[in-house]
Amino acid sequence: NTVSEAMLMAEELRRQGGDKAILVTSPLHTRRAKAIWHIIVGGHPQAILRYDSSEPCDPDHWWRSTEDVQAVVHELLGLVNTYLGFVTKPRRR
């Protein structure tokens, strides 16, 4: 999950003496990934977030398909969970 990945990347950056990393994610996940990084890691090392421009995303018309609505709601609820301090945890698999 994004929290575990952020912790692992920050730890590795610190171990190697790195100051920043470019993180690439999906267009809809960029905001939440950045919020998670800032809450979990802080400002150092720095994360520069970019989205994969080849991934289909239509932010002006996301409500037109069930799949897009589900993705937006997932990210919105994930962002709320992030700002509430990760009150819900991912399922163990």
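## Fold and contacts

In this predicted model, 80% of the contacts with a separation of 6 or more are between residues 24 or more positions apart. The chain has 3 helices and 2 strands, and reading along the sequence gives the order α-β-α-β-α. Its C-alpha trace spans about 45 × 30 × 25 Å along the principal axes. Of the 93 residues, 29% count as buried. The protein exposes about 7100 Å², and carbon and sulfur atoms supply 54% of that area.

## Helix α2 and what covers it

Helix α2 takes in residues 30–40, and its buried residues are Thr30, Arg32, Ala33, Ala35, Ile36 and Trp37. Several of these sit three or four places apart, which brings in a general point about helices. An α-helix has 3.6 residues a turn, so residues three or four places apart point the same way. And what lies over those buried residues? The cover includes α1, β1 (20–25), β2 and α3. After α2 comes Gly42, with a positive phi near 95°.

## Around the cis bond

Next up is the loop between α2 and β2, where Pro45 is found. The peptide bond leading from His44 into Pro45 is cis, and its omega is near -5°. Over in the loop between α1 and β1 you'll find Gly18.

## The end of α3 and beyond

Phe86 belongs to the segment after α3. Its phi is near 60°, a positive value in a residue other than glycine. For context, most residues other than glycine have a negative phi, and most peptide bonds are trans. Is Phe86 buried or exposed? Phe86 counts as buried, because its relative accessibility is 14% and the cut-off is under 20%.

Asn81, in helix α3, is another buried residue, with a relative accessible area of 13%. Not counting residues up to four places away in sequence, Asn81 touches Phe86, Val87 and Thr88.

Now for the outside. Met7, Ile39, Ile40 and Tyr83 form a nonpolar patch with about 390 Å² of accessible area together. One of its members, Met7, lies in helix α1 (residues 2–16).

The other patch carries negative charge and gathers Asp58, Asp60, Glu67 and Asp68. Asp58 lies in the loop between β2 (46–51) and α3 (66–83). For the protein as a whole, the mean positions of the 12 positive and 11 negative charges are 8 Å apart.

Here are the accessibility values for residues met along the way:

| Residue | Relative accessible area | Class |
|---|---|---|
| Met7 | 44% | partly exposed |
| Asp58 | 38% | partly exposed |
| Phe86 | 14% | buried |
| Asn81 | 13% | buried |

Definitions and conventions. Residues are numbered from 1 along each chain as its sequence is written. This is a predicted model: local features need pLDDT of at least 70, side-chain atom pairs count only at pLDDT 80 or more; totals for chains, interfaces and linings use all residues. Side-chain values use heavy atoms; hydrogens and water are left out. Patches are made of residues with over 30% relative accessible area and no salt bridge: like charges are joined within 9 Å, nonpolar side chains (Val, Leu, Ile, Met, Phe, Trp, Tyr) within 5 Å. Accessible areas come from the Shrake-Rupley method with a 1.4 Å probe; for residues, only the protein chains shown count as cover. A salt bridge is a side-chain nitrogen of Lys or Arg within 4 Å of a carboxyl oxygen of Asp or Glu. Lys and Arg count as positive and Asp and Glu as negative; His and the chain ends are not counted. The place of a charge is taken as NZ of Lys, CZ of Arg, CG of Asp or CD of Glu. Helices (H or I, at least four residues) and strands (E, at least two) are DSSP runs, numbered from the N terminus. Buried means under 20% relative accessible area, exposed over 50%, partly exposed in between (1.4 Å probe, protein chains only). Contact means heavy atoms within 4.5 Å.
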